[in-house]
Amino acid sequence: MPGLPAAHAEIPVWNAENWYFEDFEIGDKIRSIRRTISEGESMAFNSMVMDHHPYVSDERFAVEQGVFGRRLVAGAFVFSLGLGLAATNCLNSFSYGYDRLRFIKPVFIGDTIYTIRENLSKQVHNATMGKLRVTYSVFKAEGEQVLYAEHLLTALYRNPADFADEARAVMAAKEAVHG
């Protein structure tokens with residue numbers, strides 16, 4: 001590791017895994033710690049992303065005219081926190097996108113959330129990596145689901161030769177479709 005003394009470089013990086021495609025087991029689940037969302041961080045997020053909708057930034061509007069009677073936490077912030085709570089720094093995987101993002105119930109300032117992540121599926125993607133689909137289900141209070149999303153990511157093969165034949169078939173099928 002450039003820039004570190006050798007003795008420091010030998011120490012594993014915290015929260016960083018060297019998982020490869022083969023290491024992801026379908027059905028595996030993890031649960032995050034809980035996290036309470038404060039007003040300050042909610043407003044800081046709103047300011048950073050320029051989300052100043054009255055439901056997330058105007059207390060008086062939210063209480064007097066809002067449907068929920070109090071201020072919401074921006075959905076994009078709940079999404080970011082929810083994923084961050086269960087994210088790992090896997091050195092061999094890369095985000096490919098998200099599907100089926102749903103904001104199921106409102107989240108309010110002061111709510112405490114946690115996330116359950118589950119490995120749903122995996123498939124050969126190309127000659128060097130496979131594609132994974134994992135769910136992120138975010139809950140508040142005593143298990144009330146507030147958000148659902150599916151994360152698509154790619155992960156390097158530990159031994160690409162093990163997937164070479166299937167990868168060639170997948171790539172040929174993609175070429176046939178896209179010309």
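Guide: Welcome! Helices (H or I, at least four residues) and strands (E, at least two) are DSSP runs, numbered from the N terminus. This is a predicted model, where local features need pLDDT of at least 70, side-chain atom pairs count only at pLDDT 80 or more, and totals for chains, interfaces and linings use all residues. Residues are numbered from 1 along each chain as its sequence is written, and side-chain values use heavy atoms, with hydrogens and water left out.

Visitor: What makes a space a pocket here?

Guide: On a 1 Å grid over the protein atoms alone, a pocket is an open set of points with protein on both sides within 12 Å along at least five of seven lines, whereas a cavity is a set where a 1.4 Å probe fits but cannot get out.

Visitor: How much space lies in the largest pocket?

Guide: About 320 Å³, the volume being the space filled by probe spheres set on grid points joined across faces, edges and corners.

Visitor: What makes a residue part of a lining?

Guide: An atom within 4 Å of a point. In the largest pocket 17 residues qualify, with Trp 19 and Arg 117 among those nearest its centre. β2 gives the most, 3 residues.

Visitor: Which elements each supply at least two residues to the second largest pocket's lining?

Guide: They are α5, β4 (89-90), β5 (93-103) and β8 (144-156). The largest share, 4 residues, comes from β5.

Visitor: Why are 8 of its lining residues called nonpolar?

Guide: Because Ala, Val, Leu, Ile, Met, Phe, Trp, Tyr, Cys and Pro count as nonpolar, Asp, Glu, Lys and Arg as charged, and the others, Gly among them, as polar. By that rule, the second largest pocket's lining has 8 nonpolar, 7 polar and 1 charged.
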